[in-house]
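Here's a quick tour for anyone meeting this protein for the first time. Have a look at the picture, then read on.

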Amino acid sequence: MYRSRLLAPGPVAVPQAVLEVLARPAVHHRTSAFRETLVRVRERLADLLQVPGDDVLVVGGSGTTAFEAALLAAVPAGSTVVVAHAGKFGERWARMARAFGYTVHEVEAPWGAVLDPDAVAGALRDHPATAALLLTHSETSTGALHDLEAIAGAARAVLPDVLVVVDAVTSAGAVELRPHAWDVDAVVAGSQKGVMLPPGLGYAWLSQRAWARAPQGTRVPSFTLDLHAERPRQRQGDTGATPSVPLVLALEVALDMILAQGMEARWREKALLNEAVLGGAAAVGYAPFAARPSPAVAALLTPDGISAKAVTRAMLARGIRIGGGQDAYAERMIRPSVLGDADAFDALTIVAALEAALVDLGATVAVGEGVAAAQRLLLTA
Ligand SMILES: *Cc1c(COP(=O)(O)O)cnc(C)c1O
């Protein structure tokens, strides 16, 4: 019998202290206790996202919902947007922007590569009427971490007023993210990734520039996701519709845990754990895929002749759920992750199980060499 372990890049393992909050008796949201909690949660979300003030809004749904809300709030209907992408999530934002009738231009890089700031700048030069640049910071489908600071800087050098709208779904809480310092205008994340909650909430932050671009009263083509209407309510701890009360209460506990560690310490820890997974897996034949790996996920190509689906099945037979490859990489890529409630021994467990999977599949493998490499990385850090 193996214990179940959730080591995928979302949904992630949830800490016991957070689960205990979710098991408490129901609470009404139109109470001063809940309102005070929501106000505190929003302050802590600002600390998580390294942004000033209380302009982080909580939405029911997921990271995708939060992206939709931020896009509609910040970018006026009918605008032109440039979407820079190099993976599945970036591609989703181009599809979303088209669905809402924006004029969309795309800058692409191959999966696994990082976006070139000069290429993004070139697209903005070609389309000077662009209102917003949409991109993904940590591209979970490829494991690549794009250089958000450099890209935002290059974009602003061409178009000083362009709004930079960022999917930070797997970077928030796991990877250095400083949207305010980097002059970014919108970041969004979701509950089941770097903040260690079950799915069901999204968060969106907009900059002063973004709020000013579409002032309150702007017609947003959504009723429940109108952040302009929601902003004054949430400042008082209220929401337009019933929020997920249990998740908001649990979020406070999860954020307290993360902030007690400190963001920089957490970023360092996630980077080290992910490096240990990548290094350990590489020592037994799995090839790190991303040019610039995101600490949120270890994207690995399986050794020649080994099916990724067979590896994820072999991992599951040992109780461990990791992510598989998407689209063209379904047969070649696996994506274990230490994004959630995971420590050094979870990183070693991933590597040990990846070795075991190769043995199960009849491959020749130097058993223990992956674990040794990962352990050395962890102990010498
Ligand atoms: C998971 C993920 C999303 C989608 O988030 P949902 O919460 O599933 O809507 C978007 N972008 C990235 C980078 C992700 O990892």
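Let's begin with a pair of strands: E5 and E8 run parallel and are joined by five bridges. Across that pairing, Thr136 sits opposite Asp167 in E8. Keep in mind that this is a predicted model.

So what about E8 itself, buried or exposed? Strand E8 covers residues 163–167, and five of its five residues are buried. Both of its faces are covered: Leu163, Val165 and Asp167 lie on one side, with Val164 and Val166 on the other.

## The whole sheet

Zoom out, and you'll find seven strands in an open sheet with mixed pairing, in the order E2-E10-E9-E8-E5-E3-E4. Strands E2 (56–60) and E4 (103–108) are at the edges with a single partner strand each, so one side of each has no neighbour in the sheet. On average, neighbouring strands are turned by 20 degrees against each other, ignoring direction.

As background, strands of a sheet pair through backbone hydrogen bonds, either parallel or antiparallel. One parallel example here is E3 (residues 80–85) with E5 (residues 130–136), joined by five bridges. Thr80 has Thr130 in E5 as its bridge partner.

## A helix on the sheet

Which helix packs on the sheet, touching E2, E9 and E10? That's H2, residues 32–49, and its direction makes about 110 degrees with that of E2.

H2 meets another helix too. Its axis comes within 9 Å of the axis of H9 (residues 245–261), and the two cross at roughly 40 degrees. The crossing is left-handed.

On the H2 side, the contact includes Phe34, Leu38, Val41 and Leu45. From H9, residues such as Val248, Leu249, Leu255 and Ile258 take part, along with the charged Glu252 and Asp256. Altogether, the residues of this contact divide into 12 nonpolar, one polar and five charged.

## One last stop: Pro232

Finally, take a look at Pro232, which is found in helix H8 (residues 227–235). Pro232 has 35% relative accessibility, which is why it counts as partly exposed. In sequence, Pro232 and Ala46 are 186 residues apart, while in space they are 16 Å apart, C-alpha to C-alpha.

Definitions and conventions: Residues are numbered from 1 along each chain as its sequence is written. This is a predicted model: local features need pLDDT of at least 70, side-chain atom pairs count only at pLDDT 80 or more; totals for chains, interfaces and linings use all residues. Side-chain values use heavy atoms; hydrogens and water are left out. Helices (H or I, at least four residues) and strands (E, at least two) are DSSP runs, numbered from the N terminus. Buried means under 20% relative accessible area, exposed over 50%, partly exposed in between (1.4 Å probe, protein chains only). Two strands pair if DSSP finds at least two bridges between them. Axes are lines fitted to C-alpha atoms, for helices over the stretch in contact, and angles run from 0 to 180 degrees between N-to-C directions. Contact means heavy atoms within 4.5 Å. A crossing is left-handed if the near helix is turned anticlockwise from the far one by less than a right angle, and right-handed if clockwise.
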